Amino acid sequence: HFGLLYSPISADYGKSFHDISHLINNTFIRKEFGLLAGPGNSQQVILTGDTPGLDNPGGVIFTSTDAGVSFKSVQLPFHLAQPITFHFLNPEYLVVISIDGGLWLSLDFGAVWTKVHEG
């Protein structure tokens, strides 16, 4: 389920890439739905990783509002079951389903998550 340790990103539509592994603490990025970009705003980027271990209640995401120049790490209180979905009118609003079937909502581009529905 894990993909890249070397995490390349491009700011020039794929003409060149630079390694951002140091910005994301060398976290493995998920192979499936590991990289998401905001609708209509390619400056908003979310990288999805998982932190292994039984004592960890959730995964981790790295959010960027500057096309991957910098990232903010967010420890999630759940594990993702599917890609995070951006709201089509307000890309600060995010929604996702967790592996236990819970519906989670963020109103601040992933900084804080609230469980809004069970199962």
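Two strands are taken to pair if DSSP finds at least two bridges between them; strands (E, at least two residues) and helices (H or I, at least four) are themselves DSSP runs, numbered from the N terminus. The structure is a predicted model, in which local features need pLDDT of at least 70 and side-chain atom pairs count only at pLDDT 80 or more, whereas totals for chains, interfaces and linings use all residues. Residues are numbered from 1 along each chain as its sequence is written, and side-chain values use heavy atoms, with hydrogens and water left out.

An open sheet of four strands was identified, with the order E7-E8-E9-E10 and antiparallel pairing. Its edges are formed by strand E7 (85-86) and strand E10 (114-117), each of which pairs on one side only. Two bridges join E7 to strand E8 (residues 94-97) in the antiparallel sense. Across these strands, phenylalanine 86 stands opposite leucine 94 in E8.

The rings of phenylalanine 78 and tryptophan 104 are stacked, because their centres are 4.4 Å apart and their planes lie at 25°. This pair links distant parts of the chain, 26 residues apart: phenylalanine 78 belongs to the loop between strand E6 (72-75) and E7, and tryptophan 104 to strand E9 (residues 103-106). Phenylalanine 78 is buried, at a relative accessible area of 3%, and tryptophan 104 also counts as buried, at 9%; the term denotes under 20% relative accessible area, with exposed over 50% and partly exposed in between (1.4 Å probe, protein chains only).

Phenylalanine 78 also forms an edge-to-face pair with tryptophan 113, at 5.5 Å centre to centre and 75° between the planes. Tryptophan 113 lies in the loop between E9 and E10, so this pair ties together parts that are 35 residues apart in sequence. Tryptophan 113 is likewise buried.

Glutamine 44, located in strand E4 (residues 41-49), is buried, with a relative accessible area of 4%. The side chain of glutamine 44 makes a polar contact with that of glutamate 92 at 3.3 Å; such a contact is a pair of N or O atoms within 3.5 Å, and within protein one must be able to donate a hydrogen and the other to accept it, while residues adjacent in sequence count only if both atoms are side-chain atoms. Beyond four places in sequence, residues in contact with glutamine 44 (heavy atoms within 4.5 Å) include Leu36, Ser64, Pro91 and Phe109.

Key:
Phe/Tyr/Trp six-rings, centres within 6.5 Å; stacked < 30°, edge-to-face > 60°.
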